[in-house]
Amino acid sequence: MTNLDQFKQAKEAAQIMVRLKDEQIREVLTDLADTMEARTALLLSANKKDLERMDESDPRYDRLMLTAERVEGIATDMRAVANMETPLGEVLDEREMPSRLHLKKVTVPIGVVGVIYEARPNVTFDVFSLCFKSGNVCVLKGGQDAWHSNLAGVGIIRECLASHAISSEVVQLLPPDREAAKDLMQADGYVDMLIPRGSQGLINSVREESKIPVIETGAGIVHTYFDVSGDLEKGKRVVFNAKTRRPSVCNALDCLVIHAERLSDLPEMLAAMAVKDVVVEADEMSYSQLKGHYPDQLLERANEESFGTEFLGFRMAVKTVKSFDEAIAHVTTFSSKHSEAIIAEDEATIARYFNEVDAAAVYANTSTAFTDGAQFGLGAEIGISTQKLHARGPMSLKELTSYKWLIDSDGVTRP
Ligand SMILES: NC(=O)C1=CN([C@@H]2O[C@H](COP(=O)(O)OP(=O)(O)OC[C@H]3O[C@@H](n4cnc5c(N)ncnc54)[C@H](OP(=O)(O)O)[C@@H]3O)[C@@H](O)[C@H]2O)C=CC1
Ligand SMILES: N[C@@H](CCC(=O)OP(=O)(O)O)C(=O)O
């Protein structure tokens, strides 16, 4: 079967999706959550084949890894999506016109949603469950590094669909190669929206080549600013979590921005980082403060590459600023508009940061690791948009819908 054949199947399958009732969708997703947990061994076995092909030192290794706990987490998110209120059929507007037209604006599925995504097995299930719940067909093009995991995952999904007498054509898995990605970008007339999840290279390629409307999910170049009014204990907890919880994900901390008047607190704030062998690329003022107080082998002088870089592993930059305004200027210059945080006790300062920092998620005294659909109570996420039109930040069911106008009358004609 060619990629085009799959696109044609997907378009035809959209008609199946619009006829499904939410009760049926809930049953399928709940059953799928149970089934994937029952098939944990199969999923882990497939994932092991992928892991064996990636060096453990690769910063993307942890992201590729499935564990029984993570399978359980995926199933939990799937049940949450299953039990959410349907995003379809919501009346956004209703009006009676002088012309005696009765109009209703109601939410409907996008139709066929294509996703090009990173080597992260949970995404296969998250994308399917969100698309299925919102009445969309999904066309998946996952990372080649996760091929065995994705193949096993889609196999389980299709097995579950068949047991509910639903065509497996509502989920399409493309070959894990760049040709499939390129074909997907050209599948206008078959695929209604394309969501690329990945590096700037992917985003640029899709932006330049896609004939399909795109929602851009960009890399995360993430800052946390420790203000002169910051609480050190909160700063220690938040900065450590944002950097080390899962350093390869897009919401992980890349650069700590610290007010010069609080530099004396820097060694204590970063002490726990040394335990995780976090390499610090420090600017001149912070380097002088850390020298002798942070392991030499983990301390480097920042260079022009240090700021505006997304560090996928246990590495971060430190920038010293002499004022709040300088902090805002630095974050504004280097942010990828994904997630930004401030550690401060002064309410007015926090309010200014919330107002002046332009990002999808802006935090006060909180770890940026929370930029996640499930953490935001959205069930799961199909990606984190770093653009502003249609969708921004963690995207879930609402962002997978469009709307149509329904108009009726008693035979009214236009004069
Ligand atoms: N905001 C968000 O929701 C997300 C952000 N990210 C960010 O992206 C960073 C990089 O992740 P990474 O896994 O390296 O992403 P990559 O961009 O390397 O890979 C993501 C997917 O895109 C494909 N791809 C990459 N470049 C191209 C291209 N030029 N043309 C066509 N397809 C392409 C890959 O295929 P192949 O497997 O063949 O390389 C893969 O399927 C992450 O660290 C994270 O910061 C990642 C995911 C989600
Ligand atoms: N919301 C996700 C991060 C988004 C995402 O998938 O990005 P990435 O892990 O870089 O592929 C999480 O909190 O793990």
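Reader: What covers the buried residues of helix 13?

Author: The cover includes strands 7 (222-226), 8 (253-259), 11 (315-321) and 12 (339-343), plus helix 14 (347-356). Contact means heavy atoms within 4.5 Å. Helices (H or I, at least four residues) and strands (E, at least two) are DSSP runs, numbered from the N terminus. This is a predicted model: local features need pLDDT of at least 70, side-chain atom pairs count only at pLDDT 80 or more, and totals for chains, interfaces and linings use all residues. Residues are numbered from 1 along each chain as its sequence is written, chains are lettered from A and ligands numbered from 1 in the order in which they are written, and side-chain values use heavy atoms, without hydrogens and water.

Reader: Which residues of helix 13 are buried, and what puts them on the same side?

Author: Phe324, Ala327, Ile328, His330 and Val331 are buried in helix 13 (residues 324-334). Their arc around the axis is only 165 degrees, so they share one side of helix 13. The arc is taken over directions from the helix axis to the C-beta atoms.

Reader: Why is Ser163 called exposed?

Author: Its relative accessible area is 53%. Exposed means over 50%, buried under 20%, partly exposed in between (1.4 Å probe, protein chains only). Therefore Ser163 counts as exposed.

Reader: What makes the Asp372 side chain a polar contact of ligand 2?

Author: An N or O atom of that side chain is 2.7 Å from a nitrogen atom of ligand 2. A polar contact is a pair of N or O atoms within 3.5 Å. So this pair qualifies.

How values were computed. Polar contact = N/O pair within 3.5 Å; in protein donor to acceptor, adjacent residues only side chain to side chain.
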